[in-house]
Amino acid sequence: MITALEKLRMKYIALTKKEKADLVGQLTLDEKRLFGSYLLDDEIHIETLSNSDMDELDGELSFGSKTYEDGMETFVNNKE
């Protein structure tokens, strides 16, 4: 099981502001001091997602020969 401190120290993790606040709230006093020193030393940097970053994609996406619409793979039948 990953502790809150380990999760906060992960690279390239995307957290919402609420998730970050919940994880910081789970830290003990000593862990909060350690986490604070990491932040001050710029050893870690946490990016938080805003609500606008979490919108769903609209329309169609194509990757190679596969096309996706609304998260589902679409199949095109060109037979007449």
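**Pocket, salt bridge and confidence**

Visitor: Which residues line the largest pocket?
Guide: Two stretches supply names here. The lining holds L8, R9, M10, K11, Y12 and I13, along with E43, I44, H45, I46 and E47. Keep in mind that this is a predicted model.

Visitor: How much space lies in the largest pocket?
Guide: About 190 Å³.

Visitor: And how do the lining residues divide by nonpolar, polar and charged?
Guide: Six are nonpolar, one is polar and four are charged.

Visitor: R9 is on that lining list. How far apart are R9 and L39?
Guide: Their C-alpha atoms are 9.8 Å apart in space. In sequence, 30 residues separate them.

Visitor: Where is the place of L39?
Guide: L39 sits in helix α3, which covers residues 29-40.

Visitor: Buried, partly exposed or exposed?
Guide: L39 is partly exposed, with 36% relative accessibility.

Visitor: Switching to charges. How many salt bridges does the count come to?
Guide: One salt bridge. The side chains of K18 and D22 form that contact, at 3.2 Å from N to O.

Visitor: Why can side chains pair like that?
Guide: Opposite charges can pair when the charged atoms come close. The 3.2 Å N-to-O distance for K18 and D22 falls within the 4 Å cut-off.

Visitor: How are K18 and D22 placed in the helix?
Guide: Both belong to helix α2, residues 17-26. They are four residues apart, so about one helical turn separates them.

Visitor: Is each one buried or exposed?
Guide: K18 is exposed, at 58% relative accessibility. D22 is partly exposed, at 39%.

Visitor: Now the whole chain. How many helices and strands does the protein have?
Guide: Three helices and five strands. Along the sequence the pattern reads α-β-α-α-β-β-β-β.

Visitor: What share of the residues is buried?
Guide: Buried residues account for 16% of the 80 in the protein.

Visitor: What about contacts between residues at least 24 apart?
Guide: Take the contacts between residues at least 6 apart in sequence. Of these, 40% join residues at least 24 apart.

Visitor: Last topic, confidence. What pLDDT does the protein average?
Guide: The average is 77, and 75% of the residues score at least 70.

Visitor: Where is confidence lowest, and where highest?
Guide: Strand β3, residues 60-63, is lowest with a mean of 68. Helix α2 is highest, at 89. The K18 and D22 pair sits in that helix.

Conventions
Residues are numbered from 1 along each chain as its sequence is written. Side-chain values use heavy atoms; hydrogens and water are left out. On a 1 Å grid over the protein atoms alone, a cavity is a set of points where a 1.4 Å probe fits but cannot get out, and a pocket is an open set with protein on both sides within 12 Å along at least five of seven lines; lining residues have an atom within 4 Å of a point. Grid points are joined across faces, edges and corners, and a volume is the space filled by probe spheres set on the points. Ala, Val, Leu, Ile, Met, Phe, Trp, Tyr, Cys and Pro count as nonpolar, Asp, Glu, Lys and Arg as charged, and the others, Gly among them, as polar. Helices (H or I, at least four residues) and strands (E, at least two) are DSSP runs, numbered from the N terminus. Buried means under 20% relative accessible area, exposed over 50%, partly exposed in between (1.4 Å probe, protein chains only). pLDDT is the predictor's confidence in each residue, from 0 to 100. Contact means heavy atoms within 4.5 Å.
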